[in-house]
Protein chains: 2
Amino acid sequence: MFLGDIIQNKKINNILQKMNNEDFDGMILTQINNIKYLSNYSPTSFAICIIKEDPVILTSQMDKELANKTSSLKVEEFKSFSDIVKLLKKEKFKKIAIESSLPVNIYKKIEGKWDLEIKDFLETERMIKSSDEIDKINKAVAISHKSFKELNILEKREKGTNEWEVAYELGYLMRKNGAQEESFETIVATGSNSSLPHARCENKKLETPILMDWGCKFDGYCSDTSRTIVYSEKQEKIFNIVLEAHDKAIDYIKPGIKVCEVDEIARSIIAEYGYVDNFIHSTGHSLGLDVHEKPTISKKDETILEKNMIITIEPGIYLEGEFGVRIEDMVKVANKGEIMGNLPYKI
Amino acid sequence: MFLGDIIQNKKINNILQKMNNEDFDGMILTQINNIKYLSNYSPTSFAICIIKEDPVILTSQMDKELANKTSSLKVEEFKSFSDIVKLLKKEKFKKIAIESSLPVNIYKKIEGKWDLEIKDFLETERMIKSSDEIDKINKAVAISHKSFKELNILEKREKGTNEWEVAYELGYLMRKNGAQEESFETIVATGSNSSLPHARCENKKLETPILMDWGCKFDGYCSDTSRTIVYSEKQEKIFNIVLEAHDKAIDYIKPGIKVCEVDEIARSIIAEYGYVDNFIHSTGHSLGLDVHEKPTISKKDETILEKNMIITIEPGIYLEGEFGVRIEDMVKVANKGEIMGNLPYKI
């Protein structure tokens, strides 16, 4: 048995244990990254995984060669939903767990026949990263930071490069340095665009300030970092407030506290300076195979931090029509919060 | 009133008409491209649109500036699902249409209070493209073909370029030529990788044959094309069969026939040569704001072709462990099937 198989089996066993504790005999997965997490196979079209003592993935004819090559779980061909219903009946399941993201049309096909309950066992399991996962995330962080340095954004500004060209060159550097792809569309939001937290790159020369939010994937695992390069006195003032919120939130992190308390720390500092209405998103989020995972570092999330969770801390202040500043780091929860990488804040 | 508003209103009116015909008083949308289709606002995080006489989009605080700037429909801030429930109650809705993709956790929040029925009114409406949409798709096709020519793939092969570098350069050219982004991750599958229909680019020099599948977005609208460059006699033989299936399927296209008949034409030609088990996917799919839209050109889909539908025709033969060949064009349904663009098949 290869090490890879043992890791996969441990994951399956943990899920089976969780299911067993609540009397579930089966679980249905359709989320691509839940299937990848358990099997190492990343579906490129519709696939469904049935978790039971002997789990099986049903996938399209088109994806079968890929699935057979990469999956540690048994693979069969998905032909129709009536086959799924037959399979579930054959297993004599009574209580089946489903993901909260299951599309309602699939839910409707199995509703009424079993006791179906939304249980995000996978999302909970995926919150705590294994050392293998942490290694991959560290690698993604290192590549994305190295590539950002090589990009030399200050020189790009002097040259009058366009926003999308900067994003594109960064993507090239990350791939050259060993990444698979971006973990999300790189944000290069400059001038008044920086007040839109999820601004899209435009075909215009870099203005100021320059807000960049970028990350890459290494073997499926994501990084996510933001920096803002400020030019005016007012931008600098806002930058310092955001950095203080960022630092104090990270200082507060340790196992045993609720994530909403971390959000509250960042928010209260921004409030002290009178900008709380301009901090228009959560303080951060967990990440791994997906760039947004549970928990969200927000007012409403009461998840308790545990060792080996990895979260972002990314406070921001957005002045509509003027500019925005966001500073984001990834933090590993150890005895305290450990910032991943050491990319400077002042570029 | 601007032309943009009139187009949007026509779309809303068509949906309201469809709802009215089946006694729906409301419809709930969460699919990003359904919301973009009706409002022009493309959500960057969770948003929900309630269709009624006076439609409204509820979006995150973070996305509000963007939504206010771009949406032709009224925008409010989404705070919680209990607000949505209140809104639905206030409207005194009885029968509400939902999308088949609605996540089950959202469905569960409103289940039991109303008569909820899955109705893909938007998907049906989006099947027939307006002249404005066709213009944008034509633009996307033109950019993606021009960029492919500029790439000079034969030269890349001689130079020993890597698969991912080819994909990346094509992405650069498409953006330089005016595209927003790729419509999906460009496939450059060479050597035995070409037998995986959705292969990912690898960090290896181009082998043979070279199967490329690429597209770009222009103002949100997608293109999608595949070409395979063959080198050996056996590859050439398979190429000719696939091209015959492609040509005859396109020749068969006209308004009034079922899409499964088009699939049957392509499949029967490949069967004649004894390769039907190696044609492991559908013959094609519709596309627009999404790269895969309804209908699918497959055995099971009985949708009848109408004027101004745009579909792909992309038969393929995949010899596991050896190589694969796929040839794909986009076809507009007019009095007959009109191939979009005129990119040669032999490169």
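Modeller: In chain A, the C-alpha centres of domain 1 and domain 2 lie 33 Å apart. Domain 1 covers 3-126 and domain 2 covers 131-339, with bounds that come from an automatic or database domain assignment. This is a predicted model, where local features need pLDDT of at least 70, side-chain atom pairs count only at pLDDT 80 or more, and totals for chains, interfaces and linings use all residues. Residues are numbered from 1 along each chain as its sequence is written, while chains are lettered from A and ligands numbered from 1 in the order in which they are written.

Biologist: How many residues does each domain of chain A give to the contact?

Modeller: Two residues are in contact if their C-beta atoms, placed from the backbone, lie within 7 Å. By that rule, domain 1 of chain A gives 7 residues and domain 2 of chain A gives 7 residues. On the domain 1 side, α2 (32-39) and α6 (121-127) of chain A are the elements with two or more residues there. α2(A) gives the most, with 3 residues. Those labels follow DSSP runs, numbered from the N terminus: helices are H or I with at least four residues, strands are E with at least two.

Biologist: And what kinds of residues make up that domain 1 side?

Modeller: Sort them like this: Ala, Val, Leu, Ile, Met, Phe, Trp, Tyr, Cys and Pro are nonpolar, Asp, Glu, Lys and Arg are charged, and the others, Gly among them, are polar. The side of domain 1 of chain A that touches domain 2 of chain A then has 2 nonpolar, 2 polar and 3 charged residues.

Biologist: Now the two chains. How should I think about the way copies are related?

Modeller: Two copies of a chain are related by a rotation about an axis and a shift along it.

Biologist: Which helices of chain A supply residues to the side that touches chain B?

Modeller: 28 residues of chain A are in contact with 28 residues of chain B. On the chain A side, α3 (64-70), α5 (104-110) and α9 (163-176) each supply at least two residues. That side divides into 14 nonpolar, 9 polar and 5 charged residues. The copies meet through the same surface, because 100% of the interface residues of chain A are also interface residues in chain B.

Biologist: In what order do the strands of the 6-stranded sheet in chain B run?

Modeller: Strands pair if DSSP finds at least two bridges between them. In chain B the order is β4-β3-β2-β1-β5-β6, an open sheet with mixed pairing. β4 (74-77) and β6 of chain B are the edge strands, each pairing on one side only.

Biologist: Where can I see both senses of pairing?

Modeller: In chain B, β5 (residues 95-98) and β6 (residues 115-118) pair in the parallel sense over 4 bridges, with B:L116 as the bridge partner of B:I96. β1 (residues 26-29) and β2 (residues 47-51) of chain B pair in the antiparallel sense over 3 bridges, and B:I28 stands opposite B:I50 in β2(B).
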